[in-house]
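Q: I am new to reading protein structures, and I would like a close look at one part. Could you take me through the aromatic rings?

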Amino acid sequence: MNKKLFIPGPIDVKQDVLDQMTRPMIGHRSKDASTIQKSISEKLNKVFHTKEQILLSTSSGSGLMEGAIRSCTRKKAAVFSVGSFGDRWYKMAISNNVSADKFSVEAGKATTAEMVEEVLSTGKYDLITITHNETSTGVENPIYEISQVMKKYQDVVWCLDAVSSMGGTKIEVDELGVDICITSTQKALGLPPGMAIASMSEKAVEAAKQVEFRGLYLDLLELYNYIQKKDYQYPSTPALSIMYAMDYQLDKILEEGLDNRYERHFSMAEYVREWTKKNFELFPEERYASNTLTTINNVRGINVAELNKELGKRGYAISNGYGDLKEKTFRISHMGDYTLNDIKELLENIDDILKL
């Protein structure tokens, strides 16, 4: 049985989008490849609210996260972590011999502008990483507040993990002053997994020029320069099938209207939060709750694995807690092309199974 996936990703992909992936292959060095890659980039400029260069990578979002911290840290990185994926960025730095310090908060809490100010005021760091939307804890960090601090530190490169929020929440990259904003295909964009996307500012480009050992496949400067010199070509063979689907899906996203898409995601999030407060408890502080995924504190002590097993029989899947939060929490995503009616249908089934 096909299941409706209300998990942090991959999420369901519409059949007409999947059908695009059956189109015949083209040469990745052909003019046709340049045309589709340019088309995708121009549409993503609108989704990212940026005029900066868009980079595409045949990797998960983690690939460009690793590329960013390795390519652009000249002196030392400050990694702000609110959960497992912030921790992952720190692991990437250390495993690449990039000097970094990690600044963590209690699970369910957010990285605040005051925390960023305190760290950057030391003058030790020339790059910071922020997880916009942490899917382990359901926290959405207050990036507009953080941006006010970042404007005071013009020499610091700001890397933002928007893997699970871009396309579902408004992230105005240029207004915020984000230098490298990263997402991937399989979450709020409503595409299959397999590609990562980033915007890269001129400031980040200049920083990368000062870093000697940037790796090869995930060298952001190499990706950037290749696009400039080779008419939207890439150093390695891209995932053309996903690009077909992406070009098509981006048209659908822009046709829906970005503000309409954000509002749809917010209405789903609000509905799940109200259901959660009635029956369980929100895990994050509500003012920092994600608009693309809700992490629910399992105050009833239900068997989450059993709940998911029963949901599976009905054609649905949600997600258990991540890592140490397994069974202590569970997670419901509301991203991509789902509607409020889809969410209501899922929650009605959970109510029925748990006799709520």
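How many aromatic pairs does a search of the whole structure find?

A: Happy to walk you through them. This is a predicted model, so local features need pLDDT of at least 70 and side-chain atom pairs count only at pLDDT 80 or more, while totals for chains, interfaces and linings use all residues. Residues are numbered from 1 along each chain as its sequence is written, and side-chain values use heavy atoms, with hydrogens and water left out.

A search of the whole structure finds 7 aromatic pairs. Rings of Phe, Tyr and Trp (its six-membered ring) pair if their centres lie within 6.5 Å; planes under 30 degrees apart count as stacked, over 60 as edge-to-face and the rest as tilted.

One of these pairs is made by Phe 6 and Tyr 338, which are stacked, with 4.3 Å from centre to centre and 15° between the planes. Phe 6 sits in the loop between strand 1 (4-5) and helix 1 (15-19), and Tyr 338 in the loop between strand 15 (329-333) and helix 13 (340-354), so this pair ties together parts that are 332 residues apart in sequence. Helices (H or I, at least four residues) and strands (E, at least two) are DSSP runs, numbered from the N terminus.

Now turn to Phe 280 and Phe 330. Their ring centres are 5.2 Å apart and their planes stand at 85°, so the pair is edge-to-face. This pair links distant parts of the chain: Phe 280 is in the loop between helix 11 (258-279) and strand 11 (281-282), and Phe 330 is in strand 15, 50 residues apart. Phe 280 and Phe 330 are both buried.

A charge sits over a ring if NZ of Lys or CZ of Arg is within 6 Å of the ring centre and within 35 degrees of the ring normal. Arg 23 lies over the face of Tyr 244 in this way, at 4.1 Å from the ring centre.

How values were computed. Buried means under 20% relative accessible area, exposed over 50%, partly exposed in between (1.4 Å probe, protein chains only).
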